[in-house]
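Here is the note I promised on this structure. Please read it with the sequence and the model side by side.

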Amino acid sequence: MKFFVDTADIKEIEALTETGLLDGVTTNPSLVAKSGHSNFVELIREISSIVSGPVSAEVAATDYETMMEEGKFLSKIADNIAVKVPMTPAGLRVCKNLSYDGVMVNVTLCFSAAQAILAAKAGAAFVSPFVGRLDDIGSGGMQLISDICQVYSNYPDFKTEVLVASVRSPEHVVQAGLLGAHVATIPPSVIRQLFKHPLTDSGLAQFVEDWKKSGQTIL
C-alpha cells in the first residue's frame, strides 16, 4: 500500500520524506491556499523536487478547453506530476486525452462506484474516492472503497489505482489496506498518529529503564 501525504506544506513534506515511508503527495486548491504560498506553479515545482513519487496538481478551470491547457502546462513542470481533474464529463474527457499522451491523471471528487468505472475507462492513473466526506453525511465511505476495489478486480485491463482520499483517522488507513486499496493520501497529523500506541510507549520506557540498570553500553 502506498502512502501519499495530503498537504501543500513544504516543511511537512520534507519531514515525512526523511522517514522513507512517503510515496507521493496530493494537493488541491484548498491546501494550496492554506499553505500561504503565493506562487502555485513554483510550489508544485518545489514539491516535485522533494518527492520522487507522483505529485498531484489540480487544474483550476472547469471547462474542457481551459482544463486541457492547464493540464498540459502542469504536466510539464516535472516528470512526476499527476494532473488532477474533477469527476465531470469535461474532466474525464481531459483525462482520456492526457492519459493517451502518457500523462498521469488523478480523477478527484469521486463519490460512487459508477464514477470510478468511468475514471478507469478514461485511463486515469488514480481515482480519488472521498471517504471522510461520505462518512460526514452518513454514507459508508469505506463501503465505497470495497465496491470500487471489487469492480476493478473483475477487470484486469483496468490499470487505475484506488487512491483513498479525505482520510480522517488511522482506522480509515487500516480499513483501506484491508480492502486492497492501492494508495491512501493522508494528512500529516494522521500519519503521525499511525506511529502511536500506548503499549509501544510503555514497553520502550521499560526497556530503557532496564538497560540503564544493567550498566552496559553498546558503543
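Predicted model: local features only at pLDDT ≥ 70, side-chain atom pairs only at ≥ 80, totals over all residues.

1. Residues are numbered from 1 along each chain as its sequence is written, and side-chain values use heavy atoms, with hydrogens and water left out.

2. Helices (H or I, at least four residues) and strands (E, at least two) are DSSP runs, numbered from the N terminus. Six of the six residues of strand β4 (residues 81-86) are buried, so this strand is largely enclosed by the rest of the structure; buried means under 20% relative accessible area, exposed over 50% and partly exposed in between, with a 1.4 Å probe and protein chains only. Ile81, Val83 and Val85 point one way from β4, and Ala82, Lys84 and Pro86 point the other way.

3. Strand β3 (residues 55-58) runs parallel to β4 and is joined to it by four bridges, where two strands pair if DSSP finds at least two bridges between them. Glu58 has Lys84 as its bridge partner in β4.

4. In helix α6 (residues 113-121) the buried residues are Ala116, Ala119 and Ala120. The face turned away from that buried side carries the exposed residues Ala114 and Lys121. After α6 comes Gly123, whose phi is positive, near 85°.
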